[in-house]
Amino acid sequence: MSAAYNNQLVYVIIFNRLTLLSSARNERGRWGRESDGTCSFDDVCVDMERVFSFSALIFVLMIVSSEVSGFPKLIHRSLEENVGITLNQITEPENVSKAIELDELTIAHKILERVPLIDGHNDLPHVIRLLAESQLASFNLTDLVDKKPWSTDPTSHTDILRLRQGKIGAQFWVAYTSCKTQHNDSPQKAIEQIDLIYRLIDLYADTFQLATTAQEIEDIFALGKIASLIGVEGGHAIGNSLGVLRTFYRLGVRYMTLTHSCPTPWADNSQLDNPGQAPIHDGLSGFGEAIVQEMNRLGMMVDISHVSVSTMEDVLNVSKAPVIFSHSGAFSVCNNTRNVPDHILRRLAKNGGIIMVVFYNEFVACDQSASLYHVVRHIQHIRNVIGVDYIGLGGDFNGVDRVPTDLEDVSKYPNLFAELLRQGWSEKDLEKLAGKNMLRVMRRVEQVKMELFPMEPIEEWIPTEDLQPEHKQCLTEYS
Ligand SMILES: [Zn+2]
């Protein structure tokens with residue numbers, strides 16, 4: 001149901017009420033004219049004619065004013081309070097793009113012009129690897145809407161024009177390595193993806209600039225560019241080596257997702273929470289705890305999207321710094337193990353971290369199809385459980401092949417902010433969701449790094465007994 005239809009419905013209800021009032025009076029013969037046209041009670045007849053003329057005038061004014069103001073919302077609110085019809089029943093539309101009123105989209109754009117919208121997870125580098133063999137000279141990232149194979153690939157949601165339309169202020173570009181690379185060439189693949197991100201930033205230097213701190217995000221945003229950050233997805237990318245982890249930090253990596261869809265020899269992944277599956281480490285191993293401590297020392301954020309609940313708990317026990325979910329939803333809203341249960345959300349708030357809400361249909365709707373409203377439900381649920389200070393956005397664009405209606409690509413973020421405005425969010429709260437919460441998390445992670453400064457690098461190796469024979473097949477001599 002569209003908003004315009006809703007407004008008309010309200011007018012019809014009001015007009016109907018006036019007509020009923022009029023006919024009711026006439027039937028009782030108190031205020032109507034007699035059949036010969038004379039008035040039974042002259043004074044009242046005159047008064048009622050005035051009343052109905054005045055009502056008609058008000059009715060016309062309401063229609064006119066509704067075109068230029070939010071007047072219908074007052075009527076909706078009044079219906080909600082006095083008649084018991086809820087706002088949602090009246091206003092939840094099927095098609096957001098038609099329903100979102102221009103003033104709300106305008107406010108959304110203004111918010112995203114003053115606060116950087118920081119998205120936690122975009123897999124564009126992976127899609128460039130798949131569709132263009134990482135060759136940036138073979139295509140122009142400015143506009144891919146009508147360019148094959150990008151235009152027909154369901155995992156292609158990003159180009160520069162759409163990033164600008166979507167008002168992205170800062171993006172964590174993901175250096176992803178698949179589980180197939182584990183115990184094989186995963187560090188090489190991760191470094192190649194980091195190299196690709198650097199080449200993207202260099203080639204489109206008018207648009208992108210590397211950021212490694214919260215302050216750099218703000219400075220680059222002030223220049224009108226998109227602050228570009230690097231996250232590594234899949235802890236297997238470090239090849240069980242703290243030396244590789246430290247080198248990633250020096251290359252500008254500012255978060256690492258501890259697992260992808262497979263366990264590492266030091267952390268359990270979310271799929272192990274599925275029915276019929278059994279934990280391997282029941283969370284983090286001792287070496288896994290050392291990795292988290294070293295990430296704290298380096299100032300690299302610990303991303304616990306993709307990990308099992310036990311791993312989430314262990315990380316929250318060990319980490320001295322806030323942790324992040326770079327792309328996850330709320331388990332209570334959609335029972336997928338990639339999402340976060342309420343008791344972990346509460347612990348996340350105590351930790352001062354952030355959950356950046358994912359847009360993938362299977363995670364937001366537990367279905368192949370979804371709409372922006374499913375994403376809103378996750379955001380509202382998390383807000384209800386832990387408040388507005390721990391929520392961000394991590395769409396997972398280019399990392400998934402099914403995205404919600406009205407959030408089809410990176411140009412659509414303002415729709416989400418406009419809808420939340422419509423649902424009563426303040427501009428201050430939307431600034432937090434957009435980027436202020438993440439900036440706070442990053443600043444605290446940077447501060448913990450300073451506090452841990454006298455701490456020496458952790459020099460231990462993964463214990464040989466933690467590695468199964470099949471883990472070592474591609475390794476040369478261990479020492
Ligand atoms: Zn992922």
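Gly353 sits in the loop that runs between helix H14 (342–351) and strand S8 (354–357); helices (H or I, at least four residues) and strands (E, at least two) are DSSP runs, numbered from the N terminus. Everything here comes from a predicted model, where local features need pLDDT of at least 70, side-chain atom pairs count only at pLDDT 80 or more, and totals for chains, interfaces and linings use all residues. Residue numbers start from 1 along each chain as its sequence is written.

Gly353 counts as buried because 26 other C-beta atoms lie within 10 Å. The cut-offs: buried takes 20 or more other C-beta atoms within 10 Å of a residue's own, exposed takes 12 or fewer, and partly exposed is in between, with C-beta atoms placed from the backbone. Gly353 and Val323 are 30 residues apart along the chain, yet their C-alpha atoms are separated by 4.8 Å. Setting aside neighbours within four places in sequence, Gly353 is in contact with Pro322, Val323, Ile324, Leu348, Tyr390 and Val441, a contact being two C-beta atoms, placed from the backbone, that lie within 7 Å.

## The nonpolar core

The largest nonpolar core has 109 residues, and Ile217, Ile355, Val364, Val375 and Phe417 touch the most other members. Helix H18 (residues 427–451) gives the most to this core, with eight residues. A core here is a set of buried Ala, Val, Leu, Ile, Met, Phe, Trp, Tyr and Cys residues joined through C-beta atoms within 7 Å.

Take Val375: leaving out neighbours within four places in sequence, its contacts are Val357, Phe359, Val364, Pro404, Leu407 and Leu416.

In H10 (residues 214–222), the buried residues include Ala214, Ile217, Ile220 and Phe221. Looking down the axis of H10, the buried residues fall within an arc of 130°, so they line one face of the helix; the arc is that of the directions from the helix axis to the C-beta atoms. Their cover includes strands S1 (117–122), S2 (168–176), S3 (208–210) and S4 (226–233), plus H18. Just after H10 comes Gly224, with a positive phi of about 85°.

H17 (residues 413–422) is mostly covered, with ten of its ten residues buried. Gly424 follows H17 and has a positive phi, near 100°.

Two residues other than glycine have positive phi. Asp282, with phi near 55°, lies in the loop between strand S5 (253–257) and helix H12 (286–298). His306, with phi near 80°, lies in the loop between strand S6 (301–303) and helix H13 (309–318). Asp282 is partly exposed, with 14 other C-beta atoms within 10 Å, whereas His306 is buried, with 25 C-beta neighbours inside 10 Å.

There's also a cis peptide bond from Lys148 to Pro149, with omega near 5°. Pro149 is in the loop between helix H7 (124–132) and helix H8 (160–165).

## Confidence

The chain's mean pLDDT is 86, and 78% of its residues reach 70 or more; pLDDT is the predictor's confidence in each residue, from 0 to 100. Residues 1–13 are below 50, and this stretch has 19 contacts in the model beyond near neighbours in sequence. Residues 63–94 also stay under 50, with 29 contacts beyond four places in sequence.
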